Amino acid sequence: MRKPVSARTKKKSARRPVPKPRVSANTAAPAAKGPGRVGFVSLGCPKALVDSERILTQLRAEGYEISPDYAGADLVVVNTCGFIDSAVEESLGAIGEALEENGRVIVTGCLGAKGDVVKRTYPKVLAVTGPHALPEVMTAVHAHLPKPHDPYTDLVPAAGIKLTPRHYAYLKISEGCNHRCTFCIIPSLRGDLVSRPIGEVMKEAENLVRGGVRELLVISQDTSAYGVDVKYRAGFWGGRPIKTRMLDLVRALSELGVWVRLHYVYPYPHVDDVISLMADGKVLPYLDVPFQHASPRILKLMKRPAAAENTLRRIEQWRNICPDITLRSTFIVGFPGETEEEFQELLAFLDAAQLDRVGAFAYSPIEGATANFLPDPVPEGVRQERLARFMEHQAAISAARLRRYLGRTLQVLVDEVRADRSAIARSAADAPEIDGVVSIDDAPHLHPGEIVAVRIVGASVYDLRAQLMGARGEA
Ligand code: SF4
């Protein structure tokens, strides 16, 4: 079965749906032979990961066992990604491998929603569903591997089954998107925005925290739009009414006493209120805002949400409210029609914005995206050359931004302890898998999930080096 890949994708850090194979190693069922064993391969972005976790949770709740390898599985579920061409290739490769190694395969996820590409390529797959399709996947599993008679529902922890380490978890607050960015096919794959009821989201968050999670990563396609579809309807949490709205959600999450990190927020004016919560220490001072470009003409061609906002002014305001905020963003270079001048405009924006964390991609003409029909496509060679220039430009900014931490004391969350006695941790400025890390010298006694104080003694382009603070606060 596919092996988990390295968790970090920094230099050209990933647009969300990066294929990342994950197998069910940390969800293995008890050794006793059960009524049906399912293998699982999970690819794609954190939203797909949450879908995988829900399917695995349901499988275990119904008494199925989870097989850590192809050989021991009665069938294999492959959760695919179909966002960019390389993700499609990776997903098709994973399906092919599962068919070869096991032979009985159910496909779900974004690639499954892309017409009949899966069935055409692999007519032998047992069933194909789109993303966010728990009932359909379970129906397919039941059809090919009968449901056990005696479900051990009490074997499943309240937090469900997670594919992330025990100390952090993604919290998906909505599905789908009301925007129609011309380079993106997510709305056609996942539909319009559907916000999860806030009471349900808070209950899941509470269960995760009870299960040992120290960091919650809020994800969606557009976190700032949470609740728009239900007109910010009030729900209930802990017996009190609470609105289905980003600000109210963040306030409630801040009461759980764990790190809360916000992803995929658009620069609307109401986001300023959330920045105030960051300044008050209620949530991590970290904001992931996918700007995608800086040229007004290109942003208009992209049909980006909040394209008309004055982004630089808004960034300045955010830093006035919360000087320590870490800003992360992603960009596309070589979008159809992008001129050298417009690319230069983007580089000038990087200089002015001084973003802390940046990921970039050369434009990829995804099948079904309306941007493919725009005039003056940028040749592949030019796209790649601009990507290299972009990353080099931002690398200098990133290194300078990190140098300001030298000598400072930071709280960090430990992710792992290595054989060389160092520990790998993250500060408020580092989201898992996409940002840098803080490497702590000589800390073999630490444990994943611990939050400790460190003194920063070194900085590179993306990462920091630190020493543990002693009992009296000395490094
Ligand atoms: S905001 Fe744009 S890029 Fe993001 S999911 Fe919606 S349509 Fe796609």
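I'm working on a predicted model, where local features need pLDDT of at least 70, side-chain atom pairs count only at pLDDT 80 or more, and totals for chains, interfaces and linings use all residues. Residues are numbered from 1 along each chain as its sequence is written, and side-chain values use heavy atoms, with hydrogens and water left out.

**Overview.** I get 12 helices and 21 strands in the protein chain; helices (H or I, at least four residues) and strands (E, at least two) are DSSP runs, numbered from the N terminus. I looked up burial next: 60% of the 475 residues count as buried. My cut-offs are under 20% relative accessible area for buried, over 50% for exposed, and partly exposed in between (1.4 Å probe, protein chains only). I also looked at contacts, meaning heavy atoms within 4.5 Å. Of those in the protein chain with a separation of 6 or more, 74% are between residues 24 or more positions apart.

**α8 and α10.** I started with this pair: α8 and helix α10 (residues 311-321) have axes 9 Å apart and pack at about 30°. They are therefore roughly parallel to each other; the label takes angles under 35 degrees, with over 145 as roughly antiparallel, 65 to 115 as roughly perpendicular and the rest as oblique. On the α8 side I find V271, D272, I275, S276 and A279, and on the α10 side R314, Q317, W318 and I321. By class I have 5 nonpolar, 2 polar and 2 charged residues. For the classes, Ala, Val, Leu, Ile, Met, Phe, Trp, Tyr, Cys and Pro are nonpolar, Asp, Glu, Lys and Arg are charged, and the others, Gly among them, are polar.

**α7 and α8.** I then took helix α7 (residues 246-254) against helix α8 (residues 271-279): the axes come within 9 Å and cross at roughly 15°. That makes α7 roughly parallel to α8. M246, L247, V250 and R251 in α7 meet V271, D273, V274 and L277 in α8. The residues of this contact split into 6 nonpolar, no polar and 2 charged.

**α2.** I checked the length of α2 (residues 85-101): its 17 residues should span 24 Å at 1.5 Å a residue, and the end C-alpha atoms are 24 Å apart, which agrees. The expected span is 1.5 Å times one less than the number of residues. Its buried residues are A87, V88, S91, L92, A94, I95, G96, A98 and L99. I see them pack against β2 (37-42), β4 (75-80), β5 (105-109) and α3 (117-121). After α2 comes G103, with a positive phi near 95°.

**Two positive phi values.** Most residues other than glycine have a negative phi, and I noted two exceptions. K303 has phi near 55°, lies in the loop between α9 (296-302) and α10, and counts as exposed at 53% relative accessibility. R421 has phi near 80°, sits in the loop between β17 (409-417) and β18 (423-426), and is partly exposed at 45%.

**V378.** V378 is buried, with a relative accessible area of 5%. Not counting residues up to four places away in sequence, V378 touches G334, F335, P336, G337, E338, R383 and R386. I also noted a C-alpha separation of 9.4 Å between V378 and V333, 45 residues apart along the chain.

How values were computed. Axes fitted to C-alpha atoms, helices over the stretch in contact; angles between N-to-C directions.
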